[in-house]
Amino acid sequence: MRQRFSYLLRLFLLLVGIFLLAKPLFILFNEPKSRNIVPADYLAVLFHGLPLDLATAAYITALPWIAVLIGVWLPAHNLRKAHFLYTGILSVLLALIFTADTCLYSFWDFKLDGTVFNYLDHPRGAVRSVTPLYMATVCAAFLLTASTLAFLFRAAAPVRFPVCRRRPAATLLLLLSGGMLFLFIRGGVGRSTANVGMVYYSDKQFLNHSAVNPAFSLIYSLRKTEDFAARCDFFPEEERARLFASMQYDTVSISPLPLLRTPRPNVLIVLMEGCGATFVEAFGGKPCVTPSLNRLAREGVAFSRCYANSFRTDRGTLCTFSGYPSFPDVSVMKLPAKSRTLPSVAASLRRAGYSTEFLYGGDKNFTNMNSYLMSTGYERTYGDDDFPATVRHTHAWGVTDSIVFDRLYDMVSAKKQTGPWHIAFLTLASHEPWTVPYHRIPDDEQANAMAYLDACIGRFMHRLRARPALWENTLVIFLPDHGIHYPAGLTEADIRTCHIPMIWAGGAISEPRTIDLICNQTDLPATLLGQLGLPHGEFRFSRDVTSANYRYPCAIHTWSGGATFVDTTGHTIIDLATLRPLTDGPQPGPERTRRLKAFLQTAYDDLGAR
């Protein structure tokens with residue numbers, strides 16, 4: 001029994017050691033990008049990258065584990081030969097992965113993923129971009145790596161195992177060890193599973209990329225590689241382009257209506273978990289739930305006809321900060337190869353001299369969020385691990401909002417006015433199971449959770465207002481991450497599901513006003529950057545609602561299985577499986593349906609091209 005465990009442990013630790021050794025070699029080979037790397041950075045890369053190394057080693061060890069488990073009960077005379085065959089193939093594959101990742105990074109600036117297979121149809125084009133000497137060096141590196149790995153794996157080969165005399169005990173212990181492998185594969189016992197973003201830790205992308213295990217990155221991306229451009233292929237290209245152009249997604253701001261009293265305010269964006277307009281009286285919702293938001297809507301700028309793009313936090317977060325549309329069946333945040341190419345509010349503000357941070361009381365690695373945030377401009381991200389252990393489970397999803405709002409206040413109070421700053425904050429307590437330390441509306445747990453969020457907002461804004469120097473130069477934007485089914489019985493066939501409040505508040509607001517134009521959550525980046533006098537041409541699906549050329553107000557919302565289109569003529573909600581309207585009013589709108597289809601086709605084409 002001991003020999004069996006010794007073999008599995010040797011193989012697992014050898015794999016982890018190989019992955020750890022590959023990281024400094026990757027850094028050293030890409031020397032032009034690592035000139036400012038200090039010894040402490042090497043240690044940080046190894047430490048932060050370890051979770052993915054453990055996950056990948058566990059994946060690879062799983063097959064030998066199964067063979068050993070079977071061998072407890074059945075004769076396994078050829079296990080040593082099977083080891084040599086398995087590790088021989090593994091040596092070649094890992095050598096290919098390590099060599100390709102290390103060499104291609106200098107050209108691509110991102111880790112090896114499914115993109116590499118796009119070049120297999122035309123390998124000559126890729127080869128022509130390098131010299132014969134470079135190709136010879138790469139081939140030599142591959143052969144050396146494969147040979148070294150084969151030698152190391154040979155040293156870990158098992159001896160002939162004796163007949164197991166305590167089979168039930170051995171089986172139980174092997175099952176327990178299999179459970180450990182499963183935990184490594186999953187990435188722990190938290191809500192998030194192992195993903196590329198869990199090892200991101202620095203505002204230097206090269207260090208984040210160095211920490212990523214290339215084998216994990218490749219496998220992870222292959223699981224999510226699809227031909228998105230082939231989806232929703234409703235129209236010939238000329239017709240699609242004409243219909244999309246009719247929606248006037250113009251990326252230039254022309255004489256925008258001025259909303260701010262200062263050209264470069266601090267920008268705080270509070271993304272409120274699930275707080276749809278049906279809870280906010282100022283937007284036609286239930287009375288008495290959100291007095292703080294109602295007051296802010298009166299004092300600031302209220303976008304009264306704003307609609308969420310999506311039904312989930314991972315989609316809505318990306319819609320808000322990248323101005324990118326949501327999809328019924330794709331979470332772009334979970335596709336690092338795609339999400340890292342998106343524009344973002346953080347990146348645009350960083351170019352304008354802003355510092356950038358993101359705050360969340362939950363697991364920031366959930367749905368690969370951390371990878372998206374750090375790839376698109378956030379210098380620092382904070383999650384539940386950045387809070388004391390005593391408060392990390394004050395809500396089912398992490399740290400409850402009142403505690404995180406206190407941290408937010410401390411963060412903004414500590415800012416030195418050496419330059420403007422941007423902070424994004426995603427709340428979490430107004431999420432099922434709706435358990436909050438607040439009991440103002442005891443007969444309605446959902447409304448009570450929103451009232452708790454509102455009370456946290458009111459207290460925070462009161463404290464911020466008491467700091468005049470900070471208040472006068474700060475813009476605070478409130479909007480939800482997505483719509484919500486409230487009150488009970490509300491479905492996606494009702495447009496109230498995706499109606500959301502968007503409020504701009506703070507001392508940087510020039511005067512109270514209501515903007516009653518139809519708009520989308522994705523319009524926030526262009527509208528904000530337009531107000532700051534910054535370009536936003538890269539935000540293809542975001543429009544400046546305050547611009548003089550915002551002439552066709554419309555909004556699109558998607559959920560699993562359907563989509564909504566709203567314009568001044570009415571709204572159309574369709575089932576994507578049948579392409580039949582669920583709601584079409586006040587009059588049938590065939591042109592609304594055609595524009596909705598053209599928008600979806602354009603969005604999928606754009607995603608497929610990234």
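Student: Which residues in helix 10 meet which residues in helix 16?
Tutor: Pro291, Ser292, Leu293, Arg295, Leu296 and Glu299 in helix 10 meet Asp454, Ile457, Gly458, Met461 and Arg465 in helix 16. Contact means heavy atoms within 4.5 Å. Helices are DSSP runs of H or I with at least four residues, strands are runs of E with at least two, and both are numbered from the N terminus. This is a predicted model, where local features need pLDDT of at least 70 and side-chain atom pairs count only at pLDDT 80 or more, while totals for chains, interfaces and linings use all residues. Residues are numbered from 1 along each chain as its sequence is written, and side-chain values use heavy atoms, with hydrogens and water left out.

Student: What makes helix 10 and helix 16 oblique to each other?
Tutor: Their packing angle is about 50°, with the axes 7 Å apart. Axes are lines fitted to C-alpha atoms, for helices over the stretch in contact, and angles run from 0 to 180 degrees between N-to-C directions. Angles under 35 degrees count as roughly parallel, over 145 as roughly antiparallel, 65 to 115 as roughly perpendicular and the rest as oblique. Helix 10 and helix 16 are therefore oblique.

Student: Why is valine 289 called buried?
Tutor: Valine 289 has a relative accessible area of 1%. Buried means under 20%, exposed over 50%, and partly exposed in between, with a 1.4 Å probe and protein chains only. Valine 289 is therefore buried. This residue lies in the loop between strand 1 (266-272) and helix 10. Among the residues that valine 289 touches are Phe279, Ala447, Met450 and Asp454.

Student: What makes a set of residues a nonpolar core?
Tutor: The members are buried Ala, Val, Leu, Ile, Met, Phe, Trp, Tyr and Cys residues joined through side-chain atoms within 4.5 Å. The largest such core has 118 residues, of which Phe303, Met461, Phe478, Trp504 and Leu528 touch the most other members. Helix 16 (residues 445-465) gives the largest share of this core, 11 residues. Another core, of 35 residues, lies apart from it and includes Phe19 and Phe153.

How values were computed
Lists of a residue's contacts leave out its neighbours within four places in sequence.
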